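Hi everyone, thanks for coming. Let me put the structure up on the screen, and then I'll walk you through a few spots.

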Amino acid sequence: MRRYALSAALVLLLCFGLPFPASADNSGNVLALADLAAAGYDDVPDGHWSADSVTQATNLGIFQGVSGGVFGLGQPISRAAFVTAMVRLFDWETVLPEENSFTDVTEDRWFYSAVETALANGGIAAADSEFRPTENITREEMVSMLLRGLGYTSLAGIASNYGTPFTDVSTNKGFVTVAYDMGIVSGVWENLFDPSGLATREQAATLLMRVYDRLSRETVQLEDAEGYQAVTVETPAAKEGDDLPTTPLEPLTELYNTLRQLKNSGTDMEQVALCLTGGGVRTVNSPDGGIEDTDWLTSQEVEELIQTEGVNTYYSNRYESAYCLYQTVGGQTAVVWYQSDESLAAKLQLACLFDVTNYVLV
């Protein structure tokens, strides 16, 4: 599934890092990774604040210079160029529709596949008929695209009500808030973000590498949380009169709130162990529509249940939790919210972005 293409690897693959794709210049000519890795930029001094990120992004094949030996330090970056770099970062499978989605992004343009791929994976809002590919991207747009690509559009909608530390942010507040809480963006001066300011190439490279570094860290499953600060996210309790389904495991919004509160309180996030449900919780409706029973299932019981004939499985993007529905022998409706590989990946991705890499399944 698109949404957690990176974090699906958190369960099995992230410890090995992302692949190193080849890069391409604006004409679509492929540049050999070995040449990029060996190239130095005359306009990026070793002591420059972005030097490490620029070098890393180049070596990963996510960025390249504007010409031989020149990175383009201080220059703005176009919307098409940023989307292209973002697609390389997430290593999304290329999407090439028969008809173009934007009137100004046609099949003959070098950025066609990148824009269409980002759109298919949620990295671009499809509200307009034009993408404006050659326009330079603003700081606000850059953050919004990246957070959309990470799968946090809904989360940003909720976070928009939390307020930001920046007095000059009036649109896309939620995206800026989430990115700030994660520590992947900062202001330009005290409480100013400069949302409409043009993002520079080195700012874009730094932002992408901050995300890459967090998601490339190895996640560690512990037997228990001894020696760490154990953190749990409460599963909503089934209440009389609730409509099924009722009890998603560790809803993503609650997990985000828990992590941001810990970080804002000064907690050492590397000493946190996130305790997640390993099995599932089942609620059964009584004949009159109320809640008749609630119980917890082990991961093995969940596995056996979802393989049973007549049990239908689903996934909630709202909560980032899997669930199944079935009819009991008595004819009641039962729902089981359980921890799937996808839901675990979604939660570990968010945790990694807050520098939490240790977790326990309980």
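So, how many helices and strands does the protein have? There are twelve helices and eleven strands. Please keep in mind that this is a predicted model.

How far does the predictor trust it? The average pLDDT for the protein is 86, and 86% of the residues reach at least 70. One stretch to treat with care is residues 5-39, where pLDDT stays under 50. The model still gives that stretch 75 contacts beyond four places in sequence.

Now the overall picture. The protein has 362 residues, and 50% of them count as buried.

Okay, on to the aromatic rings. If we pair rings whose centres lie within 6.5 Å, we get twelve aromatic pairs. Take Tyr41 and Phe71: their ring centres are 5.3 Å apart and the planes sit at 55°, so this pair is tilted. What I like here is that the pair links distant parts of the chain, 30 residues apart. Tyr41 is in the loop between α2 (33-38) and α3 (51-59), while Phe71 is in the loop between α3 and α4 (79-90). Both Tyr41 and Phe71 are buried.

Next, have a look at Tyr314 and Tyr323. That pair is stacked, with 5.3 Å from centre to centre and 25° between the planes. Is Tyr323 buried or exposed? Its relative accessible area is 15%, and the cut-off for buried is under 20%, so Tyr323 is buried. Tyr314, on the other hand, is partly exposed, at 37%. The two also belong to one aromatic cluster, together with Tyr319 and Trp337.

The charged end of Arg79 sits over the ring of Phe131, 4.4 Å from the ring centre. Over at Phe193, Arg139 lies over the face of the ring, also at 4.4 Å from the centre.

One last stop: Thr253, in helix α10, which covers residues 252-264. Thr253 has a relative accessible area of 16%, so this residue is buried. Which residues does Thr253 contact, leaving aside its neighbours within four places in sequence? Those are Leu155, Ile158 and Tyr162.

How values were computed: Residues numbered from 1 in each chain as written. Predicted model: local features only at pLDDT ≥ 70, side-chain atom pairs only at ≥ 80, totals over all residues. Heavy atoms only, no water. Phe/Tyr/Trp six-rings, centres within 6.5 Å; stacked < 30°, edge-to-face > 60°. Helix = DSSP H or I, 4+ residues; strand = E, 2+ residues; numbered from the N terminus. Buried < 20%, exposed > 50% of the residue type's maximum accessible area, 1.4 Å probe, protein only. Lys NZ or Arg CZ within 6 Å of the ring centre and 35° of its normal. pLDDT = per-residue confidence, 0-100. Contact = heavy atoms within 4.5 Å.
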